[in-house]
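Welcome! Please take a moment to look over the sequence and the fold shown here, and then we will walk through them together.

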Amino acid sequence: MQLPDGVAVLACQGFGPELEHLGLPRERITFLEQGLHRYPKDLRAEVGQALEKIEADPAIHAVVLVYGYCGGGLEGLGGRRVTLVARVVHDCIPVLLDRDVAPSEVGTAGSFFLSAGWIDHGQTPLTEYYRTCERHDEETALWVTKEILKGYKDVALIVQEGLIQPSHREYSQQMAAMFDLGYREIPGGLDWLKRLLAARGGEGILVAPPGRVLTMTDYLGAGSSGSAPAPVAA
């Protein structure tokens with residue numbers, strides 16, 4: 001896929017496999033650590049700093065944010081000189097699932113989602129388990145992790161053609177077995193990501209011109225984990 005001229009990408013590292021698969025030029029992508037989504041204030045600060053660096057390049061006139069609202073992580077962010085383009089969703093799952101339907105409609109309510117990028121670059125309950133084992137005994141680590149997963153019924157691996165390797169399936173199945181969860185695979189896709197990267201706006205895509213900041217109002221009614229997006233704001 002070709003990025004439009006003058007467009008840069010600022011993305012969560014969790015989307016690394018998808019963006020690499022699309023063949024985007026690496027020099028036009030800025031990745032930030034996946035774990036930042038757990039700390040919205042830190043995410044906001046890091047995204048803001050990254051935007052400043054991108055804006056220093058006069059050849060760039062638009063930045064595609066490959067992020068959801070992430071619990072307020074994008075609140076108050078805007079470009080001084082560049083236009084921001086973002087998908088109107090609360091988290092990344094609808095983009096990975098490549099659909100705009102509620103989780104109950106695709107049988108995914110109560111599922112803990114994993115993707116190639118989430119496994120390769122992210123923090124999951126399985127990584128939390130091993131981290132806790134370093135400080136406490138295995139029994140305590142298992143109890144803590146099961147508490148984190150309370151309310152989930154299965155692990156759902158989002159399968160996108162050409163991205164999922166045997167190691168991703170093994171990881172997902174191990175996590176499901178260790179924490180007494182079911183396991184399923186759900187087809188994903190890249191069409192929504194391609195539409196976002198085209199940076200042309202459209203339904204479900206927010207376009208914020210220079211000086212216009214992103215706010216919670218932009219995301220009111222937007223879905224989480226597959227729900228329908230709010231109307232586009234301009």
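## A covered strand to start from

Strand 6 is mostly covered, with five of its six residues buried. Here buried means under 20% relative accessible area, exposed means over 50%, and partly exposed lies in between (1.4 Å probe, protein chains only). Helices (H or I, at least four residues) and strands (E, at least two) are DSSP runs, numbered from the N terminus.

A word on the source: this is a predicted model, in which local features need pLDDT of at least 70 and side-chain atom pairs count only at pLDDT 80 or more, while totals for chains, interfaces and linings use all residues. Residues are numbered from 1 along each chain as its sequence is written, and side-chain values use heavy atoms, leaving out hydrogens and water.

## The chain as a whole

Eight helices and eight strands make up the list of elements in the chain. Of its 234 residues, 52% are buried. Among contacts (heavy atoms within 4.5 Å) between residues at least 6 apart in sequence, 71% join residues at least 24 apart.

Two strands count as paired if DSSP finds at least two bridges between them.

Which residues face each other here? Strand 6 (residues 154–159) and strand 7 run parallel over six bridges; Asp 154 stands opposite Gly 182, and Ile 158 has Ile 186 as its bridge partner in strand 7. Axes are lines fitted to C-alpha atoms, for helices over the stretch in contact, and angles run from 0 to 180 degrees between N-to-C directions.

Another open sheet has five strands in the order 2-1-3-4-8, and its pairing is mixed. Its edges are strand 2 (29–32) and strand 8 (205–208), each of which pairs on one side only. Neighbouring strands of this sheet are turned by 20 degrees against each other on average, direction ignored.

Within this sheet, strand 3 (residues 62–66) and strand 4 (residues 83–87) run parallel and are joined by four bridges. Ala 62 lies in strand 3, and its bridge partner in strand 4 is Thr 83. Ala 62 is buried, with a relative accessible area of 6%. Leaving aside neighbours within four places in sequence, Ala 62 is in contact with Gly 6, Val 7, Ala 8, Val 82 and Thr 83. The C-alpha atoms of Ala 62 and Pro 209 are separated by 8.7 Å, although these residues are 147 apart along the chain.

## The nonpolar core

A nonpolar core is a set of buried Ala, Val, Leu, Ile, Met, Phe, Trp, Tyr and Cys residues joined through side-chain atoms within 4.5 Å. The largest one has 74 residues, of which Leu 19 and Leu 197 touch the most other members. Strand 1 (residues 7–12) gives the most to this core, with six residues.

What does Leu 19 touch, not counting residues up to four places away in sequence? The list is Val 9, Ala 11, Leu 24, Ile 29, Phe 31, Leu 193 and Leu 197. In soluble globular proteins, nonpolar side chains tend to be buried together.

On a 1 Å grid over the protein atoms alone, a cavity is a set of points where a 1.4 Å probe fits but cannot get out; a pocket is an open set with protein on both sides within 12 Å along at least five of seven lines, and lining residues have an atom within 4 Å of a point. Grid points are joined across faces, edges and corners, and a volume is the space filled by probe spheres set on the points.

The largest pocket holds about 570 Å³ of space. Among its 28 lining residues, Gln 34, His 37, Phe 112, Phe 113 and Trp 118 are the closest to its centre. Strand 5 gives the most to this lining, with four residues. There are also two cavities of 30 Å³ or more. The largest cavity has about 40 Å³ of space and is lined by Cys 12, Gly 14, Phe 15, Cys 92, Leu 96, Ser 115 and Trp 118.
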